[in-house]
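Keep the viewer open as you read, and follow the residues along.

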Amino acid sequence: MFNISRNTLRFRPLSRHAFRLIHESNKGCESNARGTIKFFNTLLKNPSGLFGGYSQFANQFSVKMSEVAVKDFVLPNEQPVVPLECVTAFENLTANEKAYAHHLSKASWYGGLIVLIQTSVESGSLFSILHQVFSQESVDDLKKQALENGLSEDEFQAVLVFTCGVYANMGNYKGFGDSKIIPNITADKLENFLIASKAFQSNADLVKVWNRIKNLIYDLSPKKCHLGLGDKGTTTYFSSNCTSEDADIVNRYFKSIQMEGYNNRVIKTEANGVAHYEIRLASVETGPMAGITRDPESFEGHQFSVTRGDYSPLLKLVVEELQKAKKFAANDIEAAMLTEYINSFTTGSLNDHKNGSRHWVKNKGPVIETYIGFIETYRDPAGMRGEFEGFVAVVNKVMSAKFGVLVAGAENFLPLLPWASTFETDKYLKPDFTSLDVLTFSGSGIPAGINIPNYGEIRQDEGFKNVSLGNVIPASYKDPNIFFISEADKQLLIRHNTESFELQVGLHELLGHGSGKLFRKNPDGSYNFDMDSVKASLDSGEELSWYEEGETYDSKFSTISSSYEECRAECVGLYLSLNDDVLKIFGHEGEKAQDIIYVNWLSLLLNGSTRAMEFYNPKTQSWMQAHSQARYVILQVLLEAGQGLVNVAKVIGSDGKDDLLLSLDRSKISTVGKEALGIFLRKLQVYKSTGNVEAARAMYAKYSEVSSTGPYPFAEWRAMILEKKQPRKIFVQSNTRLEGETVKLVEYGSSVSGMIQSWNERYETSSLVHQALEELWVKDEPFFV
């Protein structure tokens, strides 16, 4: 997938900037959570500002931290907010299409709330508190009240920004990067603001909700700084007592029963020294069901059971809206697709969702494009469980025509990739590839492009779809701040970034994710490849292997699966962007085409060399964002190629301070760059096709290393890079409103107030939402707090 800010391509999230709280002594210290809150209260009250005057109380709490690290956990008051414009596309729809889009949007927004539960145990309750406070009073009224009660203008703005951050990321961890978001205001002042609101004054239960999560909100103890498993972070995909060893055991159990992890979570308990793993499926219904649930059974000395009913109250709301949308389906395929989704969310059957996806792939060229479910696995530490998302979008016919030409020529472009034809699918299944204007996108963030479904057997044997989210790209590039390149390169980047990005999205999604073959052993003992032909196409030292029954790419490549695949797709995009025929499809010829190539390569390397550092955790020496790791790896490959192709050097900036400068020799891109990238890309594909995860891990780890020595000590440069870190833009999305039998589009201002108002008006049954979130807290609390 392609996630945005050219920092993104959906490629999707890992990041986690660990803010270090290192207790040198327990003397005089409170519990981690309370001590952290007290520390921040003192820090934020300091007259010299958020980060000034630290030394006078540092010794009291025996805490060490850097100013850069502290900044990484608060959103700035100048947080950019931009509108996701779709009014023209919406107004061109028929009444029936608008009704279809309306109910699908409602289903997506209800389902998106599941991400709160998937992010952190406190996120659902935090959302509920903020939503009730801002729904019952206007921002202006709350501001007047806050100022009267002692908050400053900046402190009230910090409350608004934090609220927008929770809404945009669907939780208190960043959707792109996975690092925690804390309020840029002291805990006591935030508490006073909340308690004075009408919502709290009229509902005593909200005080109880606040009291149980306030320590969690400000907790920056090592495990709470970022998402992860075991001692590397926090997650709700696994209960809090699980480690990576537990994830491996569950993975082996899944393989033994041929089960996938997209729509479930893992709850571990122990009795009499025996671990019991409950695999909890997402569904409206609860209780046993033949073919779906499994009674307790022994596996490797542990007990396993498969239950259902996770996220039930929220999925119930999703299903109700899908049933309404079905009445407005444009054809039988869309109706059948929605029927399967309804069945899947009702019963917990992943196979039903796969069948719905099959109908979705067959539904070529719809006016309203939509997909919904547990889709992307980026944020599961084990790389198997899907985060819920739903999108509704309208086809952009002009840009879609260009993608259509690219699809038509795909069979001519695939042979240009640097691997033998034996590593390519036997028959290329031409997908639908459209450019869409997003009406609704629910989840932890909005990508720029998508290649789905992610189910391997459907993608390889039946097909897939590519979509480019056209109105996301220009919105993401408004008012760019660009560092670490020359002024001439900066101007080129500003001029061509959108066009080059559209090119990269198209190639990344269609020919990146859409290329290559997985070698599999079939249930009857046969193989889906010719063994002799494949052996002949392997280089010396490369071994022939394959995926056994019950194995998938995600289950086999596990923790590196997302980043590895995004790296492969990014490489394909760079590699094929050098082709004249590809460039002509997008209207680029002559000198402009050369500029587009240069900007495409330069932009990706800029992200890989500098912006990627935001998403690397030096404490655990691990990457926390799939796409950022992928781009850093590509940078390392091209730096290794040498010959002056690319260079990153420490220089003195115009302000007299240390700076970095990235340079790329455009004359060597098509020679040195193409050769080095081609060799690396071939290895990526061979290891993926053969399921050779050992070789893949070794190679990927080598290029993923962030060194503090040598000619490119990015570990040393990281602090300097983060000083110029820019916040990701928050998108304000429109709502649809049913007035009688007419569906209206409601737009909002591009401000934090506009963002909050859009969420105030998003749910017609807010009480059901808050009730559902409370039910899920009660259910989850014993296993995650």
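The side chains of Arg-682 and Glu-542 are joined by a polar contact of 2.7 Å. This is a predicted model, so please read every value here as computed from predicted coordinates. Arg-682 sits in helix 28, which runs over residues 669-690. Is Arg-682 buried or exposed? With a relative accessibility of 14%, Arg-682 counts as buried, because the cut-off for buried is under 20%. Setting aside residues up to four places away in sequence, Arg-682 touches Pro-418, Trp-419, Ser-537, Leu-538, Asp-539 and Glu-542.

Another arginine to look up is Arg-379, in the loop between strand 7 (368-376) and strand 8 (387-396). Arg-379 is buried, and its relative accessible area is 5%. Which side chains make polar contacts with the side chain of Arg-379? One is Asp-178, at 3.0 Å, and another is Glu-387, at 2.9 Å. Beyond its neighbours within four places in sequence, Arg-379 is in contact with a list of residues that includes Val-115, Thr-119, Asn-169, Tyr-173, Lys-174, Leu-227, Tyr-237 and Ser-444. Asp-178 and Glu-387 are on that list too. For a sense of scale, the C-alpha atoms of Arg-379 and Val-599 are separated by 30 Å, and these residues are 220 places apart along the chain.

Asn-600 belongs to helix 26 (residues 590-609). Asn-600 has a relative accessible area of 0% and is buried. The side chain of Asn-600 has a polar contact of 2.9 Å with the side chain of Gln-504.

| Residue | Partner | Polar contact |
|---|---|---|
| Arg-379 | Asp-178 | 3.0 Å |
| Arg-379 | Glu-387 | 2.9 Å |
| Asn-600 | Gln-504 | 2.9 Å |

## How helices meet

Two packed helices are described by the angle between their axes and the distance between the axes. Let us start with helix 7 (residues 123-136) and helix 32 (residues 766-784), whose axes come within 9 Å and cross at roughly 155°. Helix 7 is therefore roughly antiparallel to helix 32. Helix 7 passes helix 32 in a left-handed crossing. On the helix 7 side, the contact is made by Gly-124, Ser-125, Phe-127, Ser-128, His-131 and Gln-132, and on the helix 32 side by Ser-766, Val-769, His-770, Leu-773 and Trp-777.

Next comes helix 24 (residues 561-576), which packs against helix 27 (residues 626-641) at an angle of about 55°, with the axes 8 Å apart. That angle makes helix 24 oblique to helix 27. The crossing of helix 24 past helix 27 is right-handed. Among the residues that meet here are Ser-562, Ser-563, Glu-566 and Cys-567 from helix 24, and Ala-626, His-627, Gln-629 and Ala-630 from helix 27.

Helix 24 also meets helix 29 (residues 693-704), and their axes come within 12 Å and cross at roughly 75°. Helix 24 and helix 29 are therefore roughly perpendicular to each other. Ser-563, Tyr-564 and Cys-567 of helix 24 meet Ala-696, Met-699 and Tyr-700 of helix 29. Ser-563 and Cys-567 of helix 24 also take part in the meeting with helix 27.

## The buried side of helix 10

Which residues of helix 10 (residues 187-195) are buried? They are Ala-187, Leu-190, Glu-191, Phe-193 and Leu-194. These residues lie on the same side of helix 10, because they cover an arc of only 160° around the axis. An α-helix has 3.6 residues a turn, so residues three or four places apart point the same way.

## Backbone details

Most residues other than glycine have a negative phi, and most peptide bonds are trans.

The peptide bond from Ile-452 to Pro-453 is cis, and its omega is near 5°. Pro-453 lies in the loop between strand 10 (447-452) and helix 19 (456-461).

Asn-272 is not a glycine, although its phi is positive, at about 55°. Asn-272 is in the loop between strand 3 (264-271) and strand 4 (274-282), and it counts as exposed at 82% relative accessibility.

Gln-621 has a positive phi as well, near 50°. Its place is in the loop between strand 12 (616-617) and strand 13 (622-623). Gln-621 counts as exposed, at 64% relative accessibility.

Technical notes: Residues are numbered from 1 along each chain as its sequence is written. This is a predicted model: local features need pLDDT of at least 70, side-chain atom pairs count only at pLDDT 80 or more; totals for chains, interfaces and linings use all residues. Side-chain values use heavy atoms; hydrogens and water are left out. Buried means under 20% relative accessible area, exposed over 50%, partly exposed in between (1.4 Å probe, protein chains only). Helices (H or I, at least four residues) and strands (E, at least two) are DSSP runs, numbered from the N terminus. The arc is that of the directions from the helix axis to the C-beta atoms. Contact means heavy atoms within 4.5 Å. A polar contact is a pair of N or O atoms within 3.5 Å; within protein, one must be able to donate a hydrogen and the other to accept it, and residues adjacent in sequence count only if both atoms are side-chain atoms. Axes are lines fitted to C-alpha atoms, for helices over the stretch in contact, and angles run from 0 to 180 degrees between N-to-C directions. Angles under 35 degrees count as roughly parallel, over 145 as roughly antiparallel, 65 to 115 as roughly perpendicular and the rest as oblique. A crossing is left-handed if the near helix is turned anticlockwise from the far one by less than a right angle, and right-handed if clockwise.
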